[in-house]
Amino acid sequence: MPGIDESLRHAMSIPGVLGAGLVDYASGLAVGSAGDWPCGDEPAAAGATEVARAALENATFAVSAAGDVLEDIVVASAARYHLLRFLNAKLDNRLFLYLWLDREHANLAIARHRLAGLASDLVLG
Amino acid sequence: MPAQPITAPPERPGDQGTRRWAAVTEALDELTAHRATGALHVEGAVGGSIYLVEGEVYYVHTPAAPGVDCLLQASGTVTPPVFQTAWTAGAAAGQVGEVLIKSGALSRGEAELCTAAAITDGAYALLTASSAEAGPVRFAAGEGHWWGALRRIGVAALDVQIRKRRRLLERTPPADVDDQPVVAAGRLGRHHVVLTDLQWELIVHADGRRTPRDLARLLGRSAFSAILEARRLVTAGLIQVVPRSGPEPATRVTSEAAVGTRTTTEQEPDEPAEPTDGWRTGLRAGTGRSAPGARGTARRKPDLPTRRADPALPLPRRQPGAALRGVVPVPARADVSGEASVLDVPEPDHNLLTRVRNALEGLR
């Protein structure tokens with residue numbers, strides 16, 4: 001049962017990863033971070049929060065079967081992947097894991113799979 | 001891990017074992033510089049305690065924000081019996097968090113997240129209050145908290161968090177709803193809305209009696225996020241502040257559509273609570289008024305998780321929100337319906353009774 005810092009260390013071992021962080025989207029602040037970030041971890045956390053909130057508060061993504069929840073958001077640029085994974089704790093869960101990857105060395109499917117595992121370990125043990 | 005009470009000097013209020021300051025920030029700066037371990041007790045209307053280990057904060061207790069016991073139980077993450085067992089086993093050693101993790105009731109990640117949330121939320125309340133509200137301050141070296149040091153946050157990092165939250169709240173009017181009772185609006189005045197989960201919970205439980213800060217505690221959400229979302233909902237017209245009776249009409253954010261019984265006729269400002277708000281008056285008389293005062297008087301009870309049902313109480317009456325897991329229904333308030341007693345049954349309707357009797361006879 002890893003804690004926050006250990007989970008982020010595990011995230012750094014995902015192939016192609018450049019940086020990893022746990023972001024509180026209620027405040028837009030990083031709870032923890034590891035590796036390098038596009039523009040420093042605080043601006044990156046704030047930027048990722050805006051993307052997360054836009055998706056969460058958008059009717060297009062909200063209208064869905066009961067029990068369905070947003071799992072992750074993938075933003076791809078020519079050189080990078082940005083991966084946001086929402087945490088589903090029963091707790092006041094306004095958190096997501098943020099992963100920033102180099103497309104040259106990363107495999108999106110593997111990264112998503114590993115990040116999903118990390119997210120569930122973090123909150124379920 | 002927190003320093004154990006064994007090493008702590010015994011309680012000798014006001015002697016050389018404790019230090020006093022006028023303001024919280026001043027005290028924290030000094031204690032951080034000395035990498036102090038112990039408890040910083042804050043007096044005042046927004047009171048509480050900040051627990052330090054080697055100059056870093058590992059727990060904040062304040063009635064102004066939900067603690068870990070509330071966050072875990074009200075959210076259903078840990079059931080009250082499991083929490084009570086862990087508390088019994090670990091409180092004396094300051095290890096309740098660790099006991100919960102070891103028992104498998106809580107993952108380390110959840111425990112750390114919950115701790116961080118309680119620290120930031122409580123620190124926000126204590127550090128943003130004016131020194132008139134939060135102070136004076138005294139430090140009890142070596143005193144620990146029952147939860148234990150699962151996650152430490154440096155004062156500088158805490159300061160960044162608090163400033164960021166403060167900016168967010170300052171950008172989100174109206175500022176005067178945080179400790180006012182709120183109620184869901186009766187009509188939307190538009191075709192549809194999109195809500196987040198927390199917004200939904202706030203609207204469902206906005207019963208005209210609870211303030212956003214009360215709702216945070218009921219729902220096991222941080223006071224910060226409940227207050228932030230409540231402000232957004234007030235701006236969007238989805239919840240409304242319930243006007244308090246009495247001569248304080250300046251800060252009301254009420255809408256004339258809120259209560260049909262209220263008209264805009266002028267009242268003498270000194271007139272005490274006339275039945276101006278219809279049914280809300282009776283409701284509020286029970287608990288709504290106690291909110292600001294309670295924060296001042298209820299502080300520094302022993303840090304026991306006190307939210308469990310008392311088996312000696314009579315069966316509680318159903319009330320909004322009582323079905324939430326881990327939430328203890330408060331016993332029925334005697335004053336809810338004014339003078340009306342349960343024994344005051346209206347006269348039976350003889351016509352109706354006759355028709356019922358005839359119908360029953362017809363069945364034979």
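How are helix 7 of chain B and helix 8 of chain B oriented to each other? They are roughly perpendicular, a term for angles of 65 to 115 degrees. This is a predicted model, in which local features need pLDDT of at least 70, side-chain atom pairs count only at pLDDT 80 or more, and totals for chains, interfaces and linings use all residues. Residues are numbered from 1 along each chain as its sequence is written, chains are lettered from A and ligands numbered from 1 in the order in which they are written, and side-chain values use heavy atoms, without hydrogens and water.

**Chain B overall**
- Chain B holds 12 helices and seven strands, which are DSSP runs (helices H or I, at least four residues; strands E, at least two) numbered from the N terminus.
- Of its 364 residues, 46% count as buried, meaning under 20% relative accessible area with a 1.4 Å probe, protein chains only.

**Helices 7 and 8**
- The axes of helix 7 (residues 197-205) of chain B and helix 8 (residues 212-219) of chain B cross at roughly 110° and come within 10 Å; axes are lines fitted to C-alpha atoms over the stretch in contact, and angles run from 0 to 180 degrees between N-to-C directions.
- B:Glu201, B:Leu202 and B:His205 of helix 7 of chain B make the contact (heavy atoms within 4.5 Å) with B:Leu215, B:Leu218 and B:Leu219 of helix 8 of chain B.

**B:Gly38**
- B:Gly38 lies in strand 2 (residues 38-42) of chain B and is buried, with a relative accessible area of 0%.
- The C-alpha atoms of B:Gly38 and B:Tyr51 are 5.9 Å apart in space, while the two residues are 13 apart in sequence.

Key:
Angles under 35 degrees count as roughly parallel, over 145 as roughly antiparallel, 65 to 115 as roughly perpendicular and the rest as oblique. Buried means under 20% relative accessible area, exposed over 50%, partly exposed in between (1.4 Å probe, protein chains only).
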